[in-house]
Amino acid sequence: MGQAKWIWFPGDFELYHNIQLHTRREGEGFTSPAYWDMAAPYPVGDFYRTITADKDFTMKVVSDAKGCGHLDGRHFPLNEEIRVPAGTHEFRILLIDGAAFPAFFIDSPYLITDENWQVTHGTSNRWPAACEPAYTRPEDRPTVFPFSYERMDPVHMEKVDGGLLYDFGKELFGLVCIEGADPEERFLVNYGESREEALDRKDANVKEVVSGKSAYRLVPRGFRYLFLDTPKAEGYTVWADYEYLPLEDIGSFRCSDPMVEKIYETCAYTFHLNSREFYLDGIKRDRWVWSGDAYQSYKINNYLYFDPGITRRTLIALLGKPAYESHINFINDYTFYLLIALYEFYEATGDSAFLEFIYPRAKALYDFAVGRLDEDGLVCQREGDWIFIDWSDMDKSGPLCAEQILLWQTHRTMGKMAALIGQDGAPFLAAADRLRETVMEKFWDEDRSAFIDTFTSGKNQVTRHANIFAILYDFVPEEVQRRILKKVLQNPDVNQITTPYFKFYELEALCKLGELDEMQEMLESYWGGMLRLGATTIWEQFDPRESGTEHLAMYGSKYGRSLCHAWGSGPIYLLGRYCLGVRPTDVAYRTFTVEPKLGRYTEMEGTAPLCGGKVDVRWKDGKVTVLSTKAGGTLRVGGKDYPLPAGEAVTAEV
């Protein structure tokens, strides 16, 4: 017998907590829930299991749902101990829960709840039951997400502007606790990612007025500074219970440039703060699950934690359930990122069971997206669509080239997924071929060696975004990619990217074409620029031309910019993938290559996770030493290949 766990229908846990998460977003003094469609859990769960017991035993079905159990067709009650005679028995647990989702727990000598149960939601299709490793006791409740907590005290307090300002030294997400208050006093609690925001009584993004108690434990929020607008000058004890998932860092990176190590550590902390029930965009303003932000988080996760659970949860939450009436988060490109990510998750983990379960939902979303194309098979603006790509000056007056390349990659991805589950992938691949011909005809400018944004306006504007995708997804041959590199990416006359979000893609494109030094220089200047301004986490946007409080404003709000944004953590991936040089060459890292490159650095060392292991890389004094805990690796350095046996350090001179 294995470990007993609470079980439910696959996806119900994720959909429930996705709804709970998106009801908690607040700003400017009011609740501001997400405005896109979200699927709910199935209210009915019908669970089945057959066992053989050598002896009589007792058992109890623990559940908060309504329903009953069936033992060989005979009813029995929930939450009461029953006796089961020796022999072979068929169990059926039929539950309904309109408030949360049907889930239950059994731990007995011959019957436990685990993945061996089969479940339906009231249809004829049975699936293996789902579970999470945190719920292994009868007193656990899957409706309560299993966060950990740690007390954090402010590092500084000052009396300022008629109140008390507390500085916790760095951004955090937690529950503010206040003791020593006067129950008769009514006062404002202002949260701020910056000192300016916390002191701004009128325009702080997150605030709360409290009264009537001597001690408060407020709801979890993101902040660094806390301002109590109270004339009471002493007697308060203030701290925060930091709320987090105890995810273990496997990845690491150090090199001859101290700033890079600081950048890596800041990115890792930023990513931890946003790795929660799902990957969030930021911890203060949105606290939502955006598919574009999450797509980068999947990649970063694979080089920091390699925790499949949080990626799987995020994919399920974003995908929801058919029927689809709008794009994911209303954004066309976010639909494509999600479909592409499903297959990339399989490539990283080898989780074919997940792919088989999720494929019908993916196909339904794909069909919705394809049904909104124009007569040429191009992504176009339809009512309710948001053509995003990036916060940048692009010509979106017609079909946008960057969207078409994402669609092309989506066609190809769907073809691969279909083939893996035994269906015909050829129609998807044929659609990709037709689309590529159309894009090359309508968007490619041979004289400029670049893709234009759109062909309908006559402006023929060139921006970096479509050209970056053309490199990353191998939309064009390498020879053409190198022309794009010279004419677009290395052309200062083409508008620069000002978000870490798309800067990540630009730097990966540079790395892919061997321009490692340029990536490292931009990493140090761009991400390092934020740190030199005092950032303790990575911002949503950074424009070096701005100064002072300009760095805080966005979306028409004085403090609208998130100063802790997951999409800023891309250097973790870039340094692990292209400097340490660790990459899979087969599904689930059955084989992998370690091809380290120094670039501008004189020495470096670090660790990258593998699926089921890790690899340590050290380059110093002209020698590279690699130690992998998993077999199947190859060290490639100096034009030679060296096998990497598990547990055996391999050293090569460069």
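Which helix gives the most to the lining of the largest cavity? It is α5, with three residues. Helices here are DSSP runs of H or I with at least four residues, strands are runs of E with at least two, and both are numbered from the N terminus.

Some ground rules. This is a predicted model, where local features need pLDDT of at least 70, side-chain atom pairs count only at pLDDT 80 or more, and totals for chains, interfaces and linings use all residues. Residues are numbered from 1 along each chain as its sequence is written, and side-chain values use heavy atoms, with hydrogens and water left out.

Back to the cavities. The search runs on a 1 Å grid over the protein atoms alone. A cavity is a set of points where a 1.4 Å probe fits but cannot get out. A pocket is an open set with protein on both sides within 12 Å along at least five of seven lines. Lining residues have an atom within 4 Å of a point. Grid points are joined across faces, edges and corners, and a volume is the space filled by probe spheres set on the points.

The structure holds three cavities of 30 Å³ or more. Sixteen residues line it, and Trp36, Asp37, Met38, Leu318 and Ile328 are closest to its centre. By class, the lining has eight nonpolar, five polar and three charged residues. For the classes, Ala, Val, Leu, Ile, Met, Phe, Trp, Tyr, Cys and Pro count as nonpolar, Asp, Glu, Lys and Arg as charged, and the others, Gly among them, as polar.

Now the pockets. The largest pocket holds about 1,200 Å³ of space. It is lined by 44 residues. Nearest its centre are Lys299, Glu344, Glu508, Tyr573 and Arg577. Which helix supplies the largest share of this lining? That is α6, with eight residues. Other elements supply at least two residues each, including α4 (291–304), α12 (500–512) and β24 (582–584). The lining divides into 21 nonpolar, eight polar and 15 charged residues.

The second largest pocket holds about 750 Å³. Its lining has 30 residues, and Glu14, Ala130, Cys131, Glu132 and Arg312 lie nearest the centre. Two or more residues come from each of α1 (12–22), β12 (127–128), α5 and α7 (352–370).

Next, helix packing. Axes are lines fitted to C-alpha atoms, for helices over the stretch in contact, and angles run from 0 to 180 degrees between N-to-C directions. Look at α6 and α8. They pack at an angle of about 35°, with axes 9 Å apart. Their crossing is left-handed, meaning that the near helix is turned anticlockwise from the far one by less than a right angle; clockwise would be right-handed. The contact (heavy atoms within 4.5 Å) includes Phe336, Tyr337 and Ile340 of α6 and Leu406, Thr410 and Met414 of α8. By class it has 12 nonpolar, four polar and three charged residues.

Then α7 and α8. Their angle is about 145°, and the axes are 11 Å apart. This crossing is left-handed too. Among the residues in contact are Tyr359 and Tyr366 of α7, with Thr410 and Met414 of α8. The contact divides into nine nonpolar, two polar and one charged residue.

How many aromatic pairs does a search of the whole structure find? It finds 65. Rings of Phe, Tyr and Trp (its six-membered ring) pair if their centres lie within 6.5 Å; planes under 30 degrees apart are stacked, over 60 edge-to-face, and the rest tilted. Take Tyr334 and Tyr337: they are tilted, at 6.1 Å centre to centre with 50° between the planes. Both lie in α6, three residues apart, about one turn of the helix.

Two backbone details to finish. A cis peptide bond joins Pro322 and Ala323, with omega about 0°. Ala323 sits in the loop between α5 and α6. Ala588 has a positive phi of about 60°, although it is not a glycine. Find Ala588 in the loop between β24 and β25 (592–594).
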